[in-house]
Amino acid sequence: KDGFLLAPFGGDEFLDYGAAASSGVPPFWDEPEDIMWNQEAEPCGQERFNDLTGVDSLMAPVVGLLVFVAVQFLERNGP
């Protein structure tokens with residue numbers, strides 16, 4: 001998935017993580033303090049996606065109905 005149609009849900013899995021904020025290791029790793037990521041010095045801004053997954057699934061029955069009605073109309077009345 002390329003993230004083109006992600007729904008704007010509130011869960012953390014829908015955050016736009018983007019590029020890494022730092023090359024340091026996460027603070028929960030057992031590593032020396034000098035290579036740890038300092039969250040105050042290098043904040044990681046995360047915005048929510050604004051795309052709408054599911055629009056294609058919601059529109060598919062509508063498009064199917066329109067095609068069905070058009071074909072039925074053309075079979076009944078001719079082109």
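Author: Let's start with a term: contact means heavy atoms within 4.5 Å. This is a predicted model, where local features need pLDDT of at least 70, side-chain atom pairs count only at pLDDT 80 or more, and totals for chains, interfaces and linings use all residues. Residues are numbered from 1 along each chain as its sequence is written, and side-chain values use heavy atoms, with hydrogens and water left out.

Reader: What makes the place of S22 a loop?
Author: Helices (H or I, at least four residues) and strands (E, at least two) are DSSP runs, numbered from the N terminus. S22 sits between two such strands, β1 (15-16) and β2 (47-48). Along the sequence the pattern reads β-β-α.

Reader: Why is L66 called exposed?
Author: Buried means under 20% relative accessible area, exposed over 50%, and partly exposed in between (1.4 Å probe, protein chains only). L66 has 57% relative accessibility, so L66 counts as exposed. L66 belongs to helix α1 (residues 55-77).

Reader: How much of the protein counts as buried?
Author: By that cut-off, 13% of the 79 residues.

Reader: And what share of the contacts with a separation of 6 or more comes from residues 24 or more positions apart?
Author: 62% of them.
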